[in-house]
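Please open the structure in a viewer and keep the selection tool at hand.

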Amino acid sequence: MFDVLIVGGGAAGFYAAIHIAEGNRKLKVAILERGKEVLTKVKVSGGGRCNVTHAEFVPSELVKNYPRGEKELLGPFYSYCTGDTVQFFEDRNVPLKIEDDGRMFPISNSSQTIIDCFLNEADRLGVEVFRHSSVTKIEPVQAENNSFWKVTSIKKTYKTKKLLVATGSNPKIWSLLKTLGHTIDKPIPSLFTFNIKDSRIKDIQGLSANARVSVLKSNLNSKVTISLSSARKGDTILTEEGPVLITHWGMSGPAILRLSAWGAKVLNEKDYNFSIRINWLPEYHEASVIDLLMEIKEVESKKTVLRTKAVDLPRRLWTNLVKASGIVPETTWADVSKELLQKLALQLTRSEFKVEGKSTFKEEFVTAGGISLKEINFKTLESKLQPNLFFAGEIINVDAITGGFNFQNAWTGGYIAAQGIINSI
Ligand SMILES: Cc1cc2nc3c(=O)[nH]c(=O)nc-3n(C[C@H](O)[C@H](O)[C@H](O)COP(=O)(O)OP(=O)(O)OC[C@H]3O[C@@H](n4cnc5c(N)ncnc54)[C@H](O)[C@@H]3O)c2cc1C
């Protein structure tokens, strides 16, 4: 009989185990992990550097990075936020650093530092870790004055007073939880890049430009459009501004990844076939760009349009957009017609691209969906349906944009569940 069993030796499972064992040294705590290794996602995270969290220390700002969970995480973040995570690692000699875009990494630049920290802590605190122990069944047992959970793994059967399930996005565990009455919101991918075949971005992979990208409303059925809280007036829905990276299969970069997260549901319903509109000069709109181009026409009249760097765009992207607007290579500014300049302005501020499918963003991907948020008490992360059953991490229908926010959900969830368990034992 254990006091606490944790299913899942990942980020949330370890963080919870350490806080439980440290919070009450008398408790018998163990982790059951299906793999031969624990913390495998931490290992590969952030390209092997582990983007531990994000330098956003205000709970009401931090929640804005969670397309699913924004409302529910506010309370937990007031209890345990980014600053607490930084302190946790610093107290254990794992200092973190902040990069220019706000992402935080261990100074070592190696995810192994985080893994070593967790393994040492678990060892120091006497947390048992059972590897090769895939859990196949969990059952509540009601005996007189003694209710407990029976947990069956492929190796053994265990009994525990408190059960924390932190198995990430595992469909089998979600099925088990359904049999206990829980609702599982449909799991769908989040944080992906867009597949686009288009001559304007051909042969310029690696280029990055700051742009405003919008998903066009005409692509989305009206029901979905109305239900989206971020629905906008006009002919676009879901707009993000930031770096867009041209890849050899289409587009990636922060603006695209953010769109994939906020649009995870609607884009899934469109089977990832939709159109986007890009303003490559987000500080301008179509009319002001025409004025700008007319000014350049006056000043640079003898130069060719193609070879003038008229605007702040990577040169090869400028070249492709000029060609796409129908301006032939040797045309000088003096010779270019107003009609062609209008076409160029359109390419610069309203160019449309057809997205046909998605690709995985190798540095970080998550699953949107999971245990319905309504069925969890966010003060303790205990199930509202099954007493003594707790959840933390990606198993819940919470996910974030890229940048360290997904791990922060695991850390905060692990901590809150740990307190919930300690206080109820
Ligand atoms: C390639 C990649 C890179 C990423 N990089 C980042 C990043 O840099 N920053 C960031 O914030 N987020 C990142 N993420 C997201 C982040 O890894 C997850 O949000 C986070 O790991 C979720 O933690 P978790 O503990 O809920 O689940 P996991 O970390 O997935 O842990 C779940 C554990 O449960 C185990 N398990 C599952 N089923 C069973 C079972 N039946 N019995 C026993 N054990 C079981 C699994 O083997 C696993 O070890 C990345 C994701 C990927 C895929």
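This is a predicted model: local features need pLDDT of at least 70, side-chain atom pairs count only at pLDDT 80 or more; totals for chains, interfaces and linings use all residues.

**Stop 1: a chain of aromatic rings**

Begin by displaying the side chains of Phe, Tyr and Trp; the structure holds 22 aromatic pairs. Select F2 and F130. Their ring centres are 6.3 Å apart and their planes stand at 80°, so this pair is edge-to-face. The two residues belong to distant parts of the chain: F2 is in strand β1 (residues 2-7) and F130 is in strand β6 (residues 128-130), a separation of 128 residues. F2 is buried, because its relative accessibility is 7%, under the 20% cut-off.

Y158 lies in strand β9 (residues 157-165) and F130 in β6, so the contact ties together parts that are 28 residues apart in sequence. Y158 counts as buried, with a relative accessibility of 8%.

**Stop 2**

Next, select F14, Y15, Y80, F88, F89, F118, F407, W411 and Y415. Ring pairs link these residues into a cluster.

Then move to K358. Over which rings does the charged end of K358 sit? One is the ring of F192, whose centre is 6.0 Å away. Another is the ring of Y272, with a distance of 5.1 Å to the centre.

**Stop 3**

Select β7 (135-143) together with strand β8 (residues 146-153). The two strands run antiparallel and are joined by eight bridges. Within this pairing, K137 stands opposite T152 in β8. The hairpin has two residues between its strands, and N145 takes a positive phi near 55°.

**Stop 4: an open sheet of three strands**

Now display β3, β5 and β4. They form an open sheet in the order β3-β5-β4, with antiparallel pairing. Which strands are at the edges? They are β3 (53-54) and β4 (96-98), each of which pairs on one side only. To inspect one of the contacts, select β3 and strand β5 (residues 103-106), which pair in the antiparallel sense over two bridges. H54 has R103 in β5 as its bridge partner.

**Stop 5: the largest pocket**

Rolling a probe the size of a water molecule over the atoms shows where empty space is left. The largest pocket has a volume of about 1000 Å³. To find its centre, select K41, T167, G168, S169 and E394, the closest to that point of the 49 residues that line the pocket.

Several elements give two or more residues to this lining: α1 (11-23), α2 (40-48), β7 (135-143), α7 (171-179) and α14 (405-424). The element that gives the most is α2, with six residues. When coloured by class, the lining of the largest pocket divides into 20 nonpolar, 19 polar and 10 charged residues.

**Stop 6: two cavities**

Two cavities of 30 Å³ or more are present in the structure. For the largest cavity, which has a volume of about 70 Å³, select L73, P76, F378, L381, G393, I396, V398, N409, T412, G413 and I416, the residues that line it. Four residues, the largest share of this lining, come from α14. The lining of the largest cavity has seven nonpolar residues, four polar ones and no charged ones.

The second largest cavity holds about 30 Å³ of space. Its lining residues are G46, N51, R103, F361, E363, E364 and T402; R103 is also the bridge partner of H54. How does the lining of the second largest cavity divide by class? It has one nonpolar, three polar and three charged residues.

**Stop 7: helix α3**

Finally, select P59, which lies in helix α3 (residues 59-62). P59 counts as buried, since its relative accessibility is 10%.

Terms used:
Residues are numbered from 1 along each chain as its sequence is written. Side-chain values use heavy atoms; hydrogens and water are left out. Rings of Phe, Tyr and Trp (its six-membered ring) pair if their centres lie within 6.5 Å; planes under 30 degrees apart count as stacked, over 60 as edge-to-face and the rest as tilted. Buried means under 20% relative accessible area, exposed over 50%, partly exposed in between (1.4 Å probe, protein chains only). A charge sits over a ring if NZ of Lys or CZ of Arg is within 6 Å of the ring centre and within 35 degrees of the ring normal. On a 1 Å grid over the protein atoms alone, a cavity is a set of points where a 1.4 Å probe fits but cannot get out, and a pocket is an open set with protein on both sides within 12 Å along at least five of seven lines; lining residues have an atom within 4 Å of a point. Grid points are joined across faces, edges and corners, and a volume is the space filled by probe spheres set on the points. Ala, Val, Leu, Ile, Met, Phe, Trp, Tyr, Cys and Pro count as nonpolar, Asp, Glu, Lys and Arg as charged, and the others, Gly among them, as polar. Two strands pair if DSSP finds at least two bridges between them.
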